[in-house]
Amino acid sequence: MIFNLICLIVVSFIVAELLFRLVKYRRTGKWEIFAFKLDKEKKYLSYQSHTYIGYTKSKNSANPKFPSNSDGFAGSKDIPITRDDSSNTVRIVVCGGSTVEQNDYDMEPEFDRELTWPKAMEYNLNKADKEKTYEVMNAGCAGYTILESTIHLLTKCVPYKPDYAILYQGINDACCVQAFPDFVPDYTHVRRPPIFPHMKGFLRFFPNIRFSFVWQYTLFYLGRLFEKPSNLMTYISCELKYNMTFDQIQTAVKTYEDYLRSFCFIALAHGITPILVPWAFKRELVTKPFYFIHWDKEKFIKLLEMNCEATRRVAKEIDGVFMFELPPNGKDIFRPNDWIHFSKVGLEKTGENTAFEFLKLHNLREI
C-alpha cells in the first residue's frame with residue numbers, strides 16, 4: 001500500500017514536471033532545462049517612508065538589484081556631504097525614477113551591482129578629462145515623478161552642494177499620474193502615504209531548486225498567497241491599475257511643466273546648474289504599461305511627446321538652464337520586452353552618451 005502510494009506520488013510529480021515544461025515550451029517556443037529563479041529579495045525592503053517626499057530609498061540596502069549607501073542614494077559608495085571648495089572636483093547629482101536608479105535588472109553574467117548609467121557617466125567623464133575629478137551622485141528612486149524628484153532635490157540633494165543637477169524624468173508621470181481619472185495637481189489622486197512591511201517573507205528559507213518546475217512554481221504561488229507583494233507600486237498607489245483618461249491632459253502637462261520650473265528654480269537658487277534631459281523612448285517599441293487596464297496607444301505616445309516638449313520649452317525659456325538630448329539608439333539599449341528600462345548594454349551606452357553631452361555643455365560654460 002505504501003509502495004503504491006509512493007509510486008503514485010513519483011508518477012504524479014513526473015507528469016506535472018512534463019506538463020509545466022510543455023506549457024513553457026508552448027509559450028516560448030523552446031525547451032527549458034531549468035525553471036525561473038525565485039527572487040527572494042523583497043523590493044519593498046529597499047524603500048522607506050519619508051516625511052516630506054512620501055518615500056525614499058532605504059539606507060544600506062543589501063538587495064543586489066537596489067543597493068543603497070548610508071544616506072539612501074543608489075549604489076553602495078558613500079559620498080561625503082561636506083565639500084572642499086578649493087578642490088578640482090565637479091559634483092553632479094542625477095534625479096529621476098527607476099530609469100536613473102536601476103542597475104542591471106537581468107543580472108547578466110559578470111553582474112555589477114554598481115553599474116547604473118550615472119555611474120557609467122562618472123567613469124567616462126573621468127576617463128575623458130584627466131584635469132578634473134567628476135563625482136556623479138545617483139539620486140534616482142523607483143516610481144518617482146517630477147514632484148518627488150523636485151522635493152528630493154530640495155530636501156536630500158541640495159545639502160551636498162552639487163555643481164549640476166541633471167533631471168531625467170517623464171515616464172512615471174505619464175504612466176501613473178497624468179492619465180489617471182480626476183487629475184489633481186498635487187498628485188494626491190494617485191499617491192498615498194506608504195507603509196512598507198518589515199517582513200522578509202518565508203520563501204527565503206527555501207532553496208531555489210531550478211531543475212524542478214513543480215518546486216519553483218509551488219513556492220511562487222505559495223508566496224503570492226501568503227506573502228506581501230514585493231512590487232513597490234502596491235504601497236504608494238491609490239489604485240494599482242486604472243483606465244486611461246485624456247480629458248485633463250492639458251492641465252496635467254501644464255502641471256508637469258510647472259514642476260519642471262520649480263526644479264530648475266530650486267537648483268538655481270542654490271547655485272546649482274540644472275540640466276534637463278527629455279525622456280528617451282522608441283515609438284515602435286511602446287506597449288501597454290502595466291498600470292493601464294484600457295488605453296489608447298496614440299494618445300499615450302502623444303502624452304510622452306508633450307512631456308518632452310514641456311522639458312524643451314522650460315530649458316529654452318529659463319536663463320541658466322541647459323538641456324541635451326540622448327541620441328537615438330537601437331533596440332538593444334532596452335531590456336527584452338521592456339521599452340522603459342535599460343539593458344546592461346543600454347546602461348553603458350547611456351553613460352557614455354550623457355558624459356559626452358555633459359562635457360560639451362560644461363566646457364562651453366568654462367570658455
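Start by selecting Lys349, which is partly exposed, with a relative accessible area of 29%. You are looking at a predicted model.

**Stop 1: Lys349 and its partner**

The side chains of Asp332 and Lys349 form a salt bridge, with N and O 3.1 Å apart. Colour the elements around them.

**Stop 2: helices α8 and α9**

Select Arg261 and Glu317. Their closest N and O atoms are 2.7 Å apart, and the two residues form a salt bridge. This pair links distant parts of the chain. Arg261 belongs to helix α8 (residues 249-269) and Glu317 to helix α9 (residues 297-317), and 56 residues separate them. Glu317 is partly exposed, with 46% relative accessibility.

Together, Glu257, Arg261, Arg313 and Glu317 are linked in a network of salt bridges.

**Stop 3: Lys282 and Glu284**

Move on to Glu284. Which residue does Glu284 form a salt bridge with? Its partner is Lys282, and the closest N and O atoms are 3.6 Å apart. Show the surface here. Glu284 is exposed, at 58% relative accessible area. Lys282 is partly exposed, at 21%. The cut-off for buried is under 20%, so Lys282 does not count as buried.

How many salt bridges does the count come to? The answer is 22 salt bridges.

**Stop 4: the cysteines**

Select Cys157 and Cys95. How many disulfides does the structure hold? It holds zero. Cys157 is in no disulfide, and the nearest cysteine sulfur, that of Cys95, is 4.3 Å away. Cys157 is buried, with a relative accessible area of 0%. Now jump to Cys7. Cys7 is partly exposed, at 32% relative accessible area.

**Stop 5: the largest pocket**

Select Asp39, Lys43, Ser230, Asn231 and Leu232. Of the 42 residues that line the largest pocket, these are the closest to its centre. The space in the largest pocket is about 1500 Å³.

Next, colour three helices: α5 (171-178), α6 (213-226) and α7 (233-236). These are the elements that give two or more residues to the lining of the largest pocket. Which element gives the largest share? It is α6, with four residues.

Colour the lining by residue type. In the largest pocket you will find 19 nonpolar, 10 polar and 13 charged residues.

**Stop 6: the second largest pocket**

Finish with Lys37, Lys65, Tyr105, Asp106 and Met107. They are the closest to the centre of the second largest pocket, among the 13 residues that line it. Its volume is about 370 Å³. How do the residues of this lining divide? Four are nonpolar, two are polar and seven are charged.

Methods: Residues are numbered from 1 along each chain as its sequence is written. This is a predicted model: local features need pLDDT of at least 70, side-chain atom pairs count only at pLDDT 80 or more; totals for chains, interfaces and linings use all residues. Side-chain values use heavy atoms; hydrogens and water are left out. A salt bridge is a side-chain nitrogen of Lys or Arg within 4 Å of a carboxyl oxygen of Asp or Glu. Buried means under 20% relative accessible area, exposed over 50%, partly exposed in between (1.4 Å probe, protein chains only). A disulfide is a pair of cysteine sulfur atoms within 2.5 Å. On a 1 Å grid over the protein atoms alone, a cavity is a set of points where a 1.4 Å probe fits but cannot get out, and a pocket is an open set with protein on both sides within 12 Å along at least five of seven lines; lining residues have an atom within 4 Å of a point. Grid points are joined across faces, edges and corners, and a volume is the space filled by probe spheres set on the points. Ala, Val, Leu, Ile, Met, Phe, Trp, Tyr, Cys and Pro count as nonpolar, Asp, Glu, Lys and Arg as charged, and the others, Gly among them, as polar.
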